[in-house]
Amino acid sequence: LCPHTTLFRSNSKGGVLGRKIEWIYRDDQLNGAVALRRAKELVEENKCEFIGGTLSGSISLAINEFAGKNKVIYVTDCQTDMVLGSDLNKYGFAFMVIPYSAALAASKYTFTKLGKKWFSITADYRWGQSLLEGWIWQSQQMGAQHVGNVYAPLGATDFSTYFTRIMAAKPDVLVMNNLGADQTAALKQASELGLTKRMKIVCTKSALSTMKEVGAAYDENVLGGMSFYWGLRDKYAGSKKFMDSYMKKFGQPIEQDGESGYVATNVLFMAMQKANTTTDKLKIAAAMEGLKYTLTKGPEYVRACDHQRVQSYLLLQGKGRRANGWDLADIVEEVPGDSIIMSCEDNSKKLPFVNIKLPK
């Protein structure tokens, strides 16, 4: 949970302001109660001064609340709503795009270039629902037609019953608001039924591991959203330096969650340098607010009002049988970060998405 990605390089240069960095990690087991116990152990027993991580948006909400109450800076690398409305606090910062931003990027591209009649498969928990809210709002703005939605429980393995409804609705696009093994199973079964030949499939958030496992079925008719893809090294010098170093050490590209952790850790250290302290959490948090930097993509910044990293979002088209090694997709769009976030005032009230009525 403690930030770690850049500690070895930082320590080799003398640490931060002369202090060496110690990395302590714990497994939260994707369980909120376990995560809170681990966070408490890190702060009270291991004397951790900063917390980072979690792959689950719902868990990040719990850790963010804990960090705020205990005045410990928390940087998360998952898609989360923890910087919206009353969940925002002085000590929590989000370094992956928040869910509605991913949905706005993917949906605008979809309705502009792929079609406006869409059906959705949505993971039946808060993260999936947040993505669906973004899609519905954008659909309303662009005059698209939502012809149906099915909610799939976490861990779903059989999507065949859903596909009957989807094929009957005849959408231009099937939107998948799920992730991991759920998305892998859904894509494989969709391909087996020939759905990728009848409609485009857009995964609001996808992953390298999913592309690799799905294989040839992740073809040119399938698009996936990511906040980072290793192919950006051909566009940005910072990305090339980062990826060359990472691939030399680990032999494969980093997933987007890891890149978010890398940026979060760097920015945290930058804020310490700027604030000229490694102990005054309020000064460090204040230094992070509005901090501008260029690391793995183009210029970015941490928006002061809501503590989110303002960054671009990528849409990738699968290569299917043309894939070679980790060359799994082509970047077809890099959507600027400022174009997919609402105003500070709206975010403080969770607008406009709080007014979206989700289908039952």
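Start by selecting Lys-319, Arg-322, Asp-327 and Asp-330, which a network of salt bridges links together. A salt bridge here is a side-chain nitrogen of Lys or Arg within 4 Å of a carboxyl oxygen of Asp or Glu. Side chains of opposite charge can pair when their charged atoms come close.

Before going on, note that this is a predicted model, in which local features need pLDDT of at least 70 and side-chain atom pairs count only at pLDDT 80 or more, while totals for chains, interfaces and linings use all residues. Residues are numbered from 1 along each chain as its sequence is written, and side-chain values use heavy atoms, with hydrogens and water left out.

**Inside the network**

Keep Lys-319 and Asp-330 selected: their closest N and O atoms are 3.4 Å apart in a salt bridge. Lys-319 sits in the loop between β12 (313–318) and β13 (329–335), and Asp-330 in strand β13, so the pair ties together parts that are 11 residues apart in sequence. Helices (H or I, at least four residues) and strands (E, at least two) are DSSP runs, numbered from the N terminus. Lys-319 is buried, at 11% relative accessible area, whereas Asp-330 is partly exposed, at 29%. Buried means under 20% relative accessible area, exposed over 50%, and partly exposed in between (1.4 Å probe, protein chains only).

**Two further pairs**

Next select Arg-303 and Asp-306, a salt bridge with its closest N and O atoms 2.6 Å apart. Arg-303 is buried, with a relative accessible area of 12%, and Asp-306 is buried at 2%.

Now go to Arg-233 and Asp-244, whose side chains meet in a salt bridge (3.4 Å, N to O). This pair links distant parts of the chain, with Arg-233 in the loop between β8 (222–226) and α10 (237–250) and Asp-244 in helix α10, 11 residues apart. Arg-233 is partly exposed at 24% relative accessibility; Asp-244 is also partly exposed, at 33%.

How many salt bridges does a search of the whole structure find? The search finds 20.

**Helix α7**

Finish with residues 180–192, the 13 residues of helix α7. At 1.5 Å times one less than its number of residues, the helix should span 18 Å, and its end C-alpha atoms are 19 Å apart, which agrees. Colour its buried residues, among them Asp-182, Leu-187 and Gln-189. The buried residues of α7 pack against several elements, including α6 (160–169), β6 (173–177) and α9 (208–214); contact means heavy atoms within 4.5 Å. Last, select Gly-194, which follows α7 and has a positive phi, near 80 degrees.
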